[in-house]
Amino acid sequence: MAVADAQPIETVVPPTSAPDDVLRVEHISKRFGPVTALRDVNLHLRKGEVLGLLGDNGSGKSTLIKTISGFQKQDSGEMFLHGEPYRPRGVDDARSQGIDTVFQDLALIDELSVYHNMFLCREHVHHPIPLLANRRMKRETRTALDEIGINIPRIDVAVARLSGGQRQAIAVARTVNSDADILLLDEPLAAMGAKEGSMILDLVARLKAEGRVSIIMILHNYVHVLQACDRVSMIQDGVITLDKPTNETSVEELTEIVVNEYRRAREQERSERQAQG
Amino acid sequence: MSSVTGGPPASESQASGEGPEPRARSFDTHGPLARVLSLREGSIIVVAIVTAVYFSLETSNFLTGANFKTLLPYFAPLTILAAGEVFVMILGEIDLSIGAMYLFSPILFYKLSTAGISLVPSVVIALLCCMAVGAVNGFFTAVVGISSFVATLGMLFTFEGLSLIISHGAPVNTPGAEVHQTTVKVEHVVNGHHIFLTETVNHVGTFAKIFGAGTYSEFIWAIVIVFLLQTALTFTRWGLHTVAIGSNKLGAAEAGVSVRLITIRNFVLCSLTAGLVGILEAVRAGSVQPDPSGANEILFFAIASAVIGGTLLAGGSGTVIGALIGALFLGILQDGLILQGVNANYKLFYLGLAIIVAMTVNVYVQRARRGHGSG
């Protein structure tokens, strides 16, 4: 996490916007006690766009995602959804407004079956007695997983028994399968093998081609970013320092920015140590 | 049956045995015994049956209808208490205040009734007060963030103390449970002569018959409550979210489960069932005893029933049916020891040893069922 009184980074992206923005984030800040996770974040997301969010561990990526997803509230700043002020009261509220999230820890319940996880908090129930419509949920889960092309032999087993990649696929499928028009994916490829990973990237490409949903995706692999995203934003020390269409940047440029940041941080650390000594 | 007793879907799926896909575990293709064992509470079913068989071989009085009736008051109240407790324990919390609710509700019922409120409204108000206490337990646990063990321990002492204060520590007769005696002449035939002898018959009112004094009253309450709560646990969003919170609290919150609301609701349920048992037992016994040590003993047996029945103290897993079987097991033990003529001073000693032995066997049965040794 960034230190509160860190030196400001030279290039801070100011609030920008496009006429077809579905989501705008302006001057968001968030502290956890002495630690400032987000200092002044400006971000926008256009309709049908896939935005890649890059940043080191502790740069504030997940905090930003958790703020947009309604899991936690920002200390200051405003968010706008389709031009209207957006102040989610919780994850459920954000979801009802069309924003759904794959969290880094996947938010899967080990004890529950694949299909109960797929429909967690969105369960189908019978009427008038609200018992779970398990058969319908199983059927729809099977359809959704087949569409994505993920091989999960049994959907009535507890997710605890599945591999890391399968679990991640279920978490992604759950979000994609929702009615949301903005998807937030926090490291959707983290636990995946090459084959499963490319399946998710294919899925993202398909969603992009359909143009219905807009996606913010946290990724670590620059090649994946350039391949899957329309635009890339980099977050460093709680601020956005880069905002470029992916066809105007390259792996080399992204690497250079990160390396420079690393050097800068080390120099700062050294000077602090000298000041103390 | 399997889908009802299966609890959370992991075991439901193993027991249902459908679908052409390869089996995830080796045991679940091996017929009915393996199927029973594949249920979460399967092993304790086996242990309970073995215990019952032992006592029926050892004492001639065990397998009789009369003994079944004496067994009922042992396990029916425990079953209802444990059924509510299961909902709290699956969350990964614990409610110790059920002992206090068990004590407090009949005393409150007595006070309301003697203040001129009729019987059923008195019961309803007393139970509503218990639910309010449950809401406070849930508030301290889910909102304030006190550990539920400590919060409900505080409430246990507070409300046991309050029970002593408002009852002045004196036992009273339970309202509505008065016994009326009438004499009837019963015809007997002796050596071909018809003679009439007078016999005394005890009557209790309809209220008392329903609320605990009828022979099968508590048993029926227990069965109905177990059925409703197991259905709620397995087949409703409430049950699913309860398991979700106990299994992965952060993940459940991220998925949108309202952790606070469910936690408070389950504590309310737990206090309600405890208050109900307090009233049922007071009506059955005909008197309200302000006896905290007796209430604490009931509290321990109720939690033991839930744990013996397969509910994890750590949360995330458990069934109401298991709680019933756990209570039945404890009831069989107590009743069997009495029938064997065990000296009253030794009863608790043997009971304790028997629980430890049975639970050790239970662990080994579970290991056999899993097919490997990691308990």
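Visitor: Before we start, what pLDDT do local features need here?
Guide: Local features need pLDDT of at least 70 and side-chain atom pairs count only at pLDDT 80 or more, while totals for chains, interfaces and linings use all residues of this predicted model. Residues are numbered from 1 along each chain as its sequence is written, and chains are lettered from A and ligands numbered from 1 in the order in which they are written.

Visitor: Okay, how many residues does helix α6(A) have?
Guide: Helix α6(A), residues 194–210, has 17. Helices here are DSSP runs of H or I with at least four residues, strands are E runs of at least two, and both are numbered from the N terminus.

Visitor: Which of its residues are buried?
Guide: In α6(A) they're Glu196(A), Met199(A), Ile200(A), Leu203(A) and Val204(A). Buried means 20 or more other C-beta atoms within 10 Å of a residue's own, exposed means 12 or fewer, partly exposed is in between, and C-beta atoms are placed from the backbone.

Visitor: And what's on the face turned away from the buried side?
Guide: That face of α6(A) carries exposed Ala194(A), Lys195(A) and Ala209(A).

Visitor: What comes just after α6(A)?
Guide: Gly211(A), with a positive phi of about 75°.

Visitor: Switching to strands, how do β1(A) and β4(A) run?
Guide: Antiparallel: five bridges join β1(A), residues 21–32, to β4(A), residues 76–81. Strands pair if DSSP finds at least two bridges between them. Ser29(A) stands opposite Ser76(A) in β4(A).

Visitor: What do β4(A) and β5(A) form?
Guide: A hairpin, with two residues between the strands. His82(A) in the turn has a positive phi of about 50°.

How values were computed:
Expected span 1.5 Å × (residues − 1).
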